[in-house]
Amino acid sequence: MLSEASRQRLVRVALGAEAGDLLIRDARVVSALTGEVYGADVVIAGGVIAGVGRGYRARDTLNAGGAYLAPGFMDAHIHIESSFLTPARFAEAVLPRGTTAVVAEPHEIANVLGVPGVAWMLDAGRASGLRVFASMPSCVPASAFEQGGASVGAAEVEAGLRLPGVLGLAEMMNYPGVLGGDEEVWAVLGAARGARLDGHAAGLSGRSLQAYAAAGLHSDHEAVTPDGARERLRAGLWLMVREGSAARNLQALLPVLRERPRRAMLVSDDVSVDELLDLGHLDRLLRACVAGGVDALYALGLVTHAPAEYWGLTAHGAVAPGYAADLVLLDDLVEFRVRETLVGGVVARGGGATPPLAGGGTHLGPDWAGVPLDVPAHWPTIGVSGDQIETRALPPGQGDTKLVVAERHAGVTRAAAAFARGVGLRSGALSLSVLHDAHHAIIAGATDAEIRAAGRALEAQGGGAVFVERGEVVAAFPLPLAGLMTDAPPAEAARAARAVSEAARARGCPLPQPLTTLSFLGLTVIPELKLTPQGLFDVRAWALVE
């Protein structure tokens, strides 16, 4: 919040009685609020816009040369950990793409390290050069059928909501608990009343969706069809249109965005470092919107004033006096090529210091030879998709790859195996210590011997991703921070991630993003079948498969 002295300086600068810090001259100002573009200069003082117009003065000048000047982009729902990067390295990847702020949902690190992990994420975000806000995780663990490294209840939520930078309650994934009146779930909701309550209503419709909205949730990012999106909007929920590395819903929902709903946003949810570098962040979503017939200024509102309004960030999301000088200079409103990104009126590059983080490695036990890998013959096959995180239940005997999920937090080797179709490995095995949301180890392999070798390699590496063939490591991607993240430069991390993915694809895996897709095969709140260390879980029946 600005001090009164800072406010008074803004007034003096706006009146021309005092010079500002920076004058952006000759810009085409984009107002998504009014749906117009107009020529103006913008003067900034103390990191805040003091005036938009002509005749201002400042100590420094940035000549826009007729470029479009828009508010910086804001991702209203993202898991930074899913990029495999620390906040500082994530900032390096997204600031050049026009992103100036994110609302992180740090339940990945919370599932490994608890509330200290959330505090670390906020501290690391403040040092990153990017504005990193957060929502307080509501489902740690995601359900009673997951056991991670920590748990968060109503007391922790209430305390977490008081942390600077926490804007509300994170996605309430345990919708069976909401609808069934689970006392612990409702205690979490009660602890957060009065704040934003992010929703997560995967697969809900009809009375179930109505009941979920009646519980007081405010949004949902799980719509996968136009009818589902419209149903959420009619229920009063804000529609978060998701386009990430594993769940790609934007193309399906373009017809709804062409209707210009009042309460909508674009979010990425989970996006890997290689896609951030190759395709972009929110800028790529804007390109897809415009290519799909969505008005450019409306689309910009989906990543500027809409997320700011939703999260109560009243000083963000517009090029106007009193708003934070988080700005992006664009060559055009079709490709959204970024010339410059400013955070607080300063050209931003990211890459700040990362605070130390202890704990969270793999603890899979020394004797992989003894891990049971048998699959009951009557168990259904997990049908895996390359562009959605939902799975299908297929008849037994249709698998092309064996999956194993093994405990990595409790110092024991508890594991379960099942067959999947759609992973397609002809040889070798891929192991990964990122498994939403409890973040055990998941291994996909062609043979039991390869699976055991990949488990040993992941243990030796201390977390991350490893591809093994004939007992030898083919490609490795270490993630030493909680088994989720690396502080390596984004380009280096992307090369390692690509090497592991390419090793899998070279051996038959058809998945566009093998690491991200595999990482969702243990999440017990996304239909239909998921695998946990306790066994195969049927999400729709809300029970382990007997």
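This is a predicted model: local features need pLDDT of at least 70, side-chain atom pairs count only at pLDDT 80 or more; totals for chains, interfaces and linings use all residues.
I started with a pair of strands: β23 (residues 464-469) and β24 (residues 472-478) run antiparallel and are joined by 6 bridges. For my own reference, helices (H or I, at least four residues) and strands (E, at least two) are DSSP runs, numbered from the N terminus, and two strands pair if DSSP finds at least two bridges between them.

Residues are numbered from 1 along each chain as its sequence is written, and side-chain values use heavy atoms, with hydrogens and water left out.

**Records**

I checked UniProt next, keeping in mind that its positions are given in the numbering used here, feature names are shortened, and annotations may be inferred rather than shown by experiment. An unreviewed entry there lists "domain: Amidohydrolase-related" at residues 68-346. I found that span to be 37% helix and 20% strand, with its end C-alpha atoms 17 Å apart. UniProt also places "domain: Adenine deaminase C-terminal" (unreviewed entry) at residues 399-541. That one is 24% helix and 30% strand, and 22 Å lie between its end C-alpha atoms.

The contact (heavy atoms within 4.5 Å) takes 45 residues from domain 1 and 49 residues from domain 2.

How much area do domain 1 and domain 2 bury between them? I get about 3,700 Å², with 62% of it on carbon and sulfur atoms. Buried area here is the accessible area (1.4 Å probe) that two parts lose on being put together, summed over both. Phe84, Phe145 and Ala246 supply 21% of the area that domain 1 buries against domain 2, more than any other three residues.

I looked for charges too: 2 salt bridges are counted between the domains, a salt bridge being a side-chain nitrogen of Lys or Arg within 4 Å of a carboxyl oxygen of Asp or Glu. The side chains of Arg89 and Asp487 form a salt bridge at 3.8 Å, N to O. On the domain 1 side, the elements giving two or more residues include α2 (87-94) and α3 (107-113). The largest share, 6 residues, comes from α3.

I located Phe84 in the loop between β6 (73-78) and α2.

I also noted a cis peptide bond from Val140 to Pro141, with omega near 0°. Pro141 is in the loop between β8 (131-136) and α5 (154-160). Another cis bond runs from Pro527 to Glu528, with omega near 15°. Glu528 sits in the loop between α17 (514-518) and β25.

**One more sheet**

I found 4 bridges joining β25 to β26 (residues 535-538), and Thr532 has Gly535 as its bridge partner in β26.
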